Amino acid sequence: MEAIQTVEQFNEVIQSDEPVIVKFYADWCPDCKVLNMFIGDVIKEFNNYKWYEVNSDEVEGVAEKHQVMGIPSILIFQNGEKLAHQHSAYTKSPESVSEFLQQQLG
């Protein structure tokens with residue numbers, strides 16, 4: 001998973017013609033640490049997509065712009081548009097994340 005460091009880099013990544021998956025997190029977030037324990041298996045399952053992560057404390061304004069109110073959140077973007085958003089309450093298990101991605105990406 002590639003880390004996005006700047007707003008400019010984020011804006012470039014989401015312009016992809018193919019769907020891209022972006023995880024929003026923060027270092028202080030306990031639920032983010034739980035997600036990190038199983039996200040590797042989910043990435044393997046959906047390895048035909050590019051994965052990115054954004055530290056919402058370090059890349060300011062991006063989370064607010066895309067209505068990320070809770071973290072961790074998983075968003076899918078394509079051609080600069082947000083296609084789907086799994087809010088923090090639903091990112092607590094590998095099954096819930098995989099199910100979300102399966103529904104959105106097929």
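1. Kink in α2. In this predicted model, helix α2 has a kink of about 45 degrees, centred on F38. The helix covers residues 30–45, and at 1.5 Å a residue its 16 residues should span 22 Å. The end C-alpha atoms are 24 Å apart, which agrees with that expectation. Anyone fitting an axis to α2 will want to keep both the kink at F38 and the end-to-end value of 24 Å in view.

2. Buried side of α2. The residues C32, L35, F38, I39 and V42 of α2 are buried. An α-helix has 3.6 residues a turn, so residues three or four places apart point the same way. The cover over the buried residues of α2 includes strands β2 (20–25), β3 and β4, together with helix α4 (94–105).

3. S98 is a residue of helix α4. Its relative accessible area is 12%, so S98 is buried, the cut-off being under 20%. Apart from neighbours within four places in sequence, S98 is in contact with V42, E45 and F46.

4. Disulfide. A search of the whole structure finds one disulfide. C29 and C32 form it, with their sulfur atoms 2.5 Å apart. The torsion about the S-S bond is about 85 degrees, so the disulfide is right-handed. C29 is buried at 3% relative accessibility, and C32 is buried as well, with a relative accessible area of 2%.

5. Sheet. Five strands make an open sheet in the order β1-β3-β2-β4-β5, with mixed pairing. β1 and β5 (81–86) are the edge strands, each pairing on one side only. From one strand to the next the twist averages 30 degrees. Strands of a sheet pair through backbone hydrogen bonds, either parallel or antiparallel.

6. β1 and β3 (residues 50–55) run parallel and are joined by three bridges. Within this pair, A3 stands opposite E53 of β3. E2 lies in β1, which covers residues 2–4. E2 is partly exposed, with a relative accessible area of 42%. Beyond its neighbours within four places in sequence, E2 is in contact with Q9, W51, Y52 and E53. The C-alpha atoms of E2 and W51 are 6.5 Å apart, while the two residues are 49 apart in sequence.

7. Strand β4 and its partners. β4 is mostly covered, five of its six residues being buried. It pairs with β2 in the antiparallel sense over five bridges, and I21 has I76 of β4 as its bridge partner. With β5, β4 again pairs in the antiparallel sense over five bridges; here the bridge partner of L75 is H85 in β5.

8. N79 sits in the loop between β4 (73–78) and β5. The hairpin of these two strands has two residues between them, and N79 takes a positive phi near 50 degrees. This is a positive value in a residue other than glycine. N79 is partly exposed, with a relative accessible area of 44%. Leaving out neighbours within four places in sequence, the contacts of N79 are I14, Q15, S16 and D17. N79 and E18 lie 61 residues apart in sequence, with their C-alpha atoms 7.6 Å apart.

9. Loop between α3 and β4. Two backbone features fall in this loop. Q67 is placed between α3 and β4 and has a positive phi of about 55 degrees although it is not a glycine. At 42% relative accessibility, Q67 counts as partly exposed. P72 lies in the loop between α3 (62–65) and β4 too. The peptide bond that joins I71 and P72 is cis, with omega about 0 degrees.

Conventions: Residues are numbered from 1 along each chain as its sequence is written. This is a predicted model: local features need pLDDT of at least 70, side-chain atom pairs count only at pLDDT 80 or more; totals for chains, interfaces and linings use all residues. Side-chain values use heavy atoms; hydrogens and water are left out. Helices (H or I, at least four residues) and strands (E, at least two) are DSSP runs, numbered from the N terminus. Buried means under 20% relative accessible area, exposed over 50%, partly exposed in between (1.4 Å probe, protein chains only). Contact means heavy atoms within 4.5 Å. A disulfide is a pair of cysteine sulfur atoms within 2.5 Å. Two strands pair if DSSP finds at least two bridges between them. Axes are lines fitted to C-alpha atoms, for helices over the stretch in contact, and angles run from 0 to 180 degrees between N-to-C directions. The expected span of a helix is 1.5 Å times one less than its number of residues. The bend at a residue is the angle between axes fitted to the seven residues ending there and the seven starting there.
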